[in-house]
Amino acid sequence: MATEQKIRYSDCDPQGIVFNGNYARYWDDAATDWLGEAGFGGLELGGIGVDVVTARLEIDFKNSATMGDTLITIPSVEKFGITSMMVKVETRRLSDDELVAVGRMVWVFVDPDGFKPVPVPDKVRSILATSK
């Protein structure tokens, strides 16, 4: 699942390029869309009794984006741990398919009441492992 983000004036810094911190929001939006498309939208991942928290965010910037560009962000599962999932994320510019940013998000699955780590549910493993 790809999420599009049209770059607006408010996304850019004084240099006229997208402010680096905005990519965290773009990636979170793309991940929310991806989870929703896979049936895990809303609170507690669509009612399966667990939630996720971001434990790590790693972004490598490859090119700049400017006002008027449209970015496409695609998350995918890189690997599963016992209580975590590593999500690979790529952001490309729509007009020329140029890679703008790439990296990873590490999510830890938690009990929504106490936010203590819990095993990755089998349903999440089976659906997201094949979801693009």
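Visitor: Is Phe 61 buried or exposed, or partly exposed?
Guide: Phe 61 has 43% relative accessibility, so Phe 61 counts as partly exposed; buried means under 20% relative accessible area, exposed over 50%, and partly exposed in between, with a 1.4 Å probe and protein chains only. This is a predicted model, where local features need pLDDT of at least 70, side-chain atom pairs count only at pLDDT 80 or more, and totals for chains, interfaces and linings use all residues. Residues are numbered from 1 along each chain as its sequence is written, and side-chain values use heavy atoms, leaving out hydrogens and water.

Visitor: How many aromatic pairs are there?
Guide: Three. Rings of Phe, Tyr and Trp (its six-membered ring) pair if their centres lie within 6.5 Å; planes under 30 degrees apart are stacked, over 60 edge-to-face, the rest tilted.

Visitor: What about Tyr 23 and Tyr 26?
Guide: Their ring centres are 5.5 Å apart and the planes sit at 70°, so that pair is edge-to-face. Both tyrosines lie in helix H1, three residues apart, about one turn of the helix. Helices (H or I, at least four residues) and strands (E, at least two) are DSSP runs numbered from the N terminus.

Visitor: And which pair does Phe 61 make with Tyr 23?
Guide: An edge-to-face one, because the centres are 5.3 Å apart and the planes are at 65°. This pair links distant parts of the chain, with Tyr 23 in helix H1 and Phe 61 in strand E2 (residues 51–61), 38 residues apart.

Visitor: Why is Tyr 23 called buried?
Guide: Because its relative accessibility is 2%.
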